[in-house]
Amino acid sequence: MGCRDPDLLEISGWAAGILLCWRSQHGLQGSCRDPAPALWALSQAPCCPCRRFLFGERPYWWIHESGLSSREQLPLRQFPVTCETGPGSPSGHCMILGAALWPVVTALSREVSRYSRSRLLRLFPFLAYFLLLVAMGLSRIFVLAHFPHQVITGSLAGMALGWGLQRWPPNFLKCRFFLLTALGLLLGALALHGLATAVGLDLDWSLRRASSRCSEPGWLRPETRPWASLCRASGSALGLALAARHPLSRRAAEELRALEPPLGSAALGLLALDVLHKLPKSEDTALWYLNVGARYALGPLLVGSILPQLILVLRRFRATP
């Protein structure tokens, strides 16, 4: 149970967002204002500082640090996805999932309402959405990665973020918006880190607890460190900026709309992202963080600009007698 790593959520969010855009709008240059692809990066903006300064415990180390494991015999088991090294509040998995899927669910509900007046059918996408959030939350609790209140606050924060950005959407088609987001995340994190260090806060406390309480050292995952989350969010925002800077032409967007079924294009995007995230990483710490940022910057550009144009080129090549 549980999510293998944050890459899976990012891949799912990109696939859902690009599929909706290709099916119902005009590509990146048209009127596609569905924020699903951007919400992955934007949901990290409040999540990263909250985790650093709320000092949320994780169950797999808290039961030892609190002395509960010595007072009671608890039949608890750790898993390879248990040993995350960052603080636990709020749940990033639930927050990102709740934010990224909110516009997808509302779009599906509107689509259903066009063909049926049944309130039950219109609410079905939301029911599936809540069930998915519950399943994600239970899986995070089951693997001892989060407490119940952490998955609840993460889910509520994600829903609020998705609703807010859909109700008052910024211009997701502007390169400047994403550049400012990436720069704001990076500079904000550096400023908060410097402030916390100046007042004597220990920001590495979770790394030490994770290292001492994880039952298998090989399960400690560097991609769960707070700075890794920042690299993912900043890299994704930068990639969105590059994709917005090189949008599809209106003619190309119209050709993409004619592709049936669009599910095949989304599947190709999923495959490309999966290959991208399986590329080898450097053992050097600085190069590792740079590698993470570069891969997450390339993902949006690949799915939002390069891959659609490649599909069109192949389609035109096959159509040539």
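I shall go through the fold, the annotated segments, the salt bridges and one surface patch.

This is a predicted model, in which local features need pLDDT of at least 70 and side-chain atom pairs count only at pLDDT 80 or more, while totals for chains, interfaces and linings use all residues. Residues are numbered from 1 along each chain as its sequence is written, and side-chain values use heavy atoms, with hydrogens and water left out.

The protein has 13 helices and 0 strands, taken as DSSP runs numbered from the N terminus (helices H or I, at least four residues; strands E, at least two). Of its 321 residues, 48% count as buried; buried means under 20% relative accessible area, exposed over 50%, and partly exposed in between, with a 1.4 Å probe and protein chains only.

The unreviewed UniProt entry lists residues 120-141, 147-165, 177-201 and 296-314 under "transmembrane region"; its positions are in the numbering used here, feature names are shortened, and annotations may be inferred rather than shown by experiment. In the model, the span 147-165 is 95% helix, and 296-314 is 100% helix. Helix α7, residues 148-167, should span 28 Å at 1.5 Å a residue, and its end C-alpha atoms are 29 Å apart, which agrees; the expected span is 1.5 Å times one less than the number of residues. Buried residues in α7 include Gly-154, Gly-158 and Gly-162.

How many salt bridges does the structure hold? There are 6, each being a side-chain nitrogen of Lys or Arg within 4 Å of a carboxyl oxygen of Asp or Glu. Glu-84 and Arg-140 meet in one of them, at 2.4 Å, N to O. Glu-84 lies in the loop between α4 (68-71) and α5 (92-115) and Arg-140 in helix α6, so this pair ties together parts 56 residues apart in sequence. Glu-84 is buried at 3% relative accessible area, and Arg-140 is buried at 0%.

Another salt bridge joins Glu-65 and Arg-213, at 3.1 Å, N to O. Glu-65 is in helix α3 and Arg-213 in helix α9, 148 residues apart. Glu-65 is partly exposed, with a relative accessible area of 36%, as is Arg-213, with 29%.

Finally, Phe-55, Leu-192, Leu-195, Val-199 and Leu-201 form a nonpolar surface patch with about 420 Å² of accessible area together. Patch residues have over 30% relative accessible area and no salt bridge, with nonpolar side chains (Val, Leu, Ile, Met, Phe, Trp, Tyr) joined within 5 Å and like charges within 9 Å; areas come from the Shrake-Rupley method with a 1.4 Å probe, and for residues only the protein chains shown count as cover. Leu-195, in helix α8, is exposed at 53%.
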